[in-house]
Amino acid sequence: MTDIVTVNPATGDPLASYGSMDDRAISLSLETVAAAQPDWARRSLRARVDRLAELANVLERRRVEFATLITTEMGKRLVESLAEIDKCVATCRYYVEHAEEIFTPHDAEGPGSRNQIRLEPLGTILAIMPWNFPFWQVIRFAVPALLVGNGVLIKHAPNTTGCALAIETAMIEAEMEGIARALVVDPAVVPTTVERLINHDAIGAVTFTGSTPAGAAVAAVAGRAVKKSVLELGGSDPFVVLDDCDLEQAVSAAVASRFGNCGQSCLAAKRFIVHKRIADEFTTRFVESVSALRVGDPFDEASDLGPMARDDLRDALCSQVLRSVDLGAEMLVGQTDPSDRPGWWQQPIVLSGGERDRLMPAMAEETFGPAAIIAVVDHDDRAVELANDTPYGLAASIWSSDVERALSVGRRVQSGALFINRAVASDARLPFGGVRRSGYGRELGTVGAHEFANVRPLVIDDVTLG
């Protein structure tokens with residue numbers, strides 16, 4: 001087994017080396033969680049709520065430590081890492097506060113004299129998690145899954161192995177030892193390991209966040225095993241700017257949405273579809289704002305963007321940009337030449353001309369980094385057509401001072417989430433997920449909390465004995 005070495009993307013220097021688990025160690029972790037899960041499920045909801053409330057306290061106490069680890073391992077600005085931990089704390093507390101209304105049995109109409117709907121655990125949930133929000137992605141699925149009574153087995157991204165183990169440590173500190181474990185898996189054996197785990201009787205379901213091809217492979221294995229899967233996959237989200245919008249507000253939100261987390265977010269706006277009557281002014285303002293963004297040390301509060309998380313991700317983004325230019329896009333700001341400084345730095349890029357070719361990578365593919373493309377349209381129907389001209393369907397953002405007009409456009413755009421006059425964001429109170437090649441199933445909210453539960457009707461007829 002090859003050791004996993006994490007690397008600081010701001011410097012290119014190694015951070016830590018982690019010994020990969022062999023088959024026996026992986027099986028032992030699964031068996032540990034599977035053995036702890038029935039007792040965890042038998043506890044009262046109140047007892048589980050108390051443990052998740054303590055997890056929120058642990059995350060809050062160790063906020064700076066965990067945020068520093070996120071920034072060091074994957075490069076996002078410290079202020080964004082702190083916000084990520086804060087969001088984890090808020091999500092824990094949301095589910096703690098609303099646990100009774102979400103998770104307790106409730107009466108229902110039915111054929112019996114007494115009818116009840118119960119939420120019961122599926123067993124151990126295998127989670128295959130990404131690196132871009134290494135704490136948040138785990139917490140947002142794990143908290144409701146644990147409150148239902150499931151166990152959790154986490155296979156995290158190799159470059160955020162330290163974060164994965166820190167999450168396990170936080171759960172142990174919250175007195176949930178054994179019910180959640182992190183796996184350290186040699187990337188070369190991940191496909192075979194995941195398949196073996198999904199086929200194990202103790203695994204009740206699988207959740208995956210990542211690329212569409214990898215998600216399809218996980219779903220195929222889960223399908224053959226007849227086990228539930230939830231997939232949150234790629235996105236090429238449209239940001240549609242109609243000619244009657246508040247332009248200042250739209251530009252500000254567009255820059256924040258595209259370049260937050262150095263553009264490495266599945267739900268970030270990636271394609272800016274702008275009505276021609278305001279296209280010149282939008283483009284001028286957008287380019288000016290992007291040109292002013294400062295790329296630098298993610299621990300420096302003056303920096304607007306840190307490094308990209310890995311060198312291969314930067315190379316892939318630059319390839320998409322160059323291929324788009326070859327097909328007619330114009331580079332308005334930015335460059336693809338590698339930086340002279342150590343680490344994986346990328347200046348923000350803005351392209352125009354996205355309406356010219358539906359095969360242009362910046363329009364048709366997911367660009368996972370600080371690159372935006374602007375397409376100009378002359379009417380609402382064309383905006384809808386271009387917004388839907390992608391295999392993805394994660395989220396969409398529509399901007400107009402006429403809400404009914406925005407809704408008319410937005411309802412025709414195929415997406416899992418629709419935001420009007422607001423940049424797309426995930427929120428513990430609302431279900432989130434995609435359609436088409438962006439995946440299926442939901443996380444968060446009440447709907448997401450039920451994804452990893454057996455929603456079980458209980459029908460009782462009272463019999464009076466004579």
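Helices (H or I, at least four residues) and strands (E, at least two) are DSSP runs, numbered from the N terminus. The expected span of a helix is 1.5 Å times one less than its number of residues. The structure on screen is a predicted model, in which local features need pLDDT of at least 70 and side-chain atom pairs count only at pLDDT 80 or more, while totals for chains, interfaces and linings use all residues. Residues are numbered from 1 along each chain as its sequence is written, and side-chain values use heavy atoms, with hydrogens and water left out.

**Stop 1: helix α7**

Select residues 161-173, which make up helix α7. These 13 residues reach 18 Å from the first C-alpha to the last, close to the 18 Å expected at 1.5 Å a residue. Next, colour the buried positions (under 20% relative accessible area, with a 1.4 Å probe and protein chains only). In α7 they are T161, G162, C163, A164, A166, I167, E168, A170 and M171. After the helix, select E175, whose phi is positive, near 65 degrees.

**Stop 2: the whole chain**

Along the principal axes, the C-alpha atoms fill a box of roughly 85 × 55 × 40 Å. Of the 466 residues, 56% count as buried.

**Stop 3: the six-stranded sheet**

Select β7, β6, β5, β8, β9 and β17, which form an open sheet in that order with mixed pairing. Two strands pair if DSSP finds at least two bridges between them. At the edges stand β7 (180-183) and β17 (439-440), each with a single partner strand, so one side of each is left without a neighbour in the sheet. Inside the sheet, β8 (residues 203-209) and β9 (residues 228-232) run parallel and are joined by five bridges. To see one of these, pick V206, whose bridge partner in β9 is S229.

Touching here rests on contact, meaning heavy atoms within 4.5 Å. Helix α8 (residues 190-199) also packs on the sheet, touching β5, β6, β7 and β8.

**Stop 4: strand β15**

Select residues 395-399, strand β15, where five of the five residues are buried. In a regular strand the side chains alternate between the two faces of the sheet. Here A395, S397 and W399 point one way, and A396 and I398 the other.

Which strands pair with β15? Strand β10 (residues 237-241) pairs with β15 in the parallel sense over three bridges, and strand β16 (residues 417-420) runs parallel to β15, joined by four bridges. V241 has W399 as its bridge partner in β15, and I398 has I420 as its partner in β16.

**Stop 5: V240**

Finish at V240, in strand β10. V240 is buried, with a relative accessible area of 0%. Leaving aside neighbours within four places in sequence, V240 is in contact with I273, A383, A387, S397, I398, W399 and V409. Last, draw a C-alpha to C-alpha distance from V240 to V376: the two are 136 residues apart in sequence and 10.0 Å apart in space.

Terms used:
Axes are lines fitted to C-alpha atoms, for helices over the stretch in contact, and angles run from 0 to 180 degrees between N-to-C directions. Buried means under 20% relative accessible area, exposed over 50%, partly exposed in between (1.4 Å probe, protein chains only).
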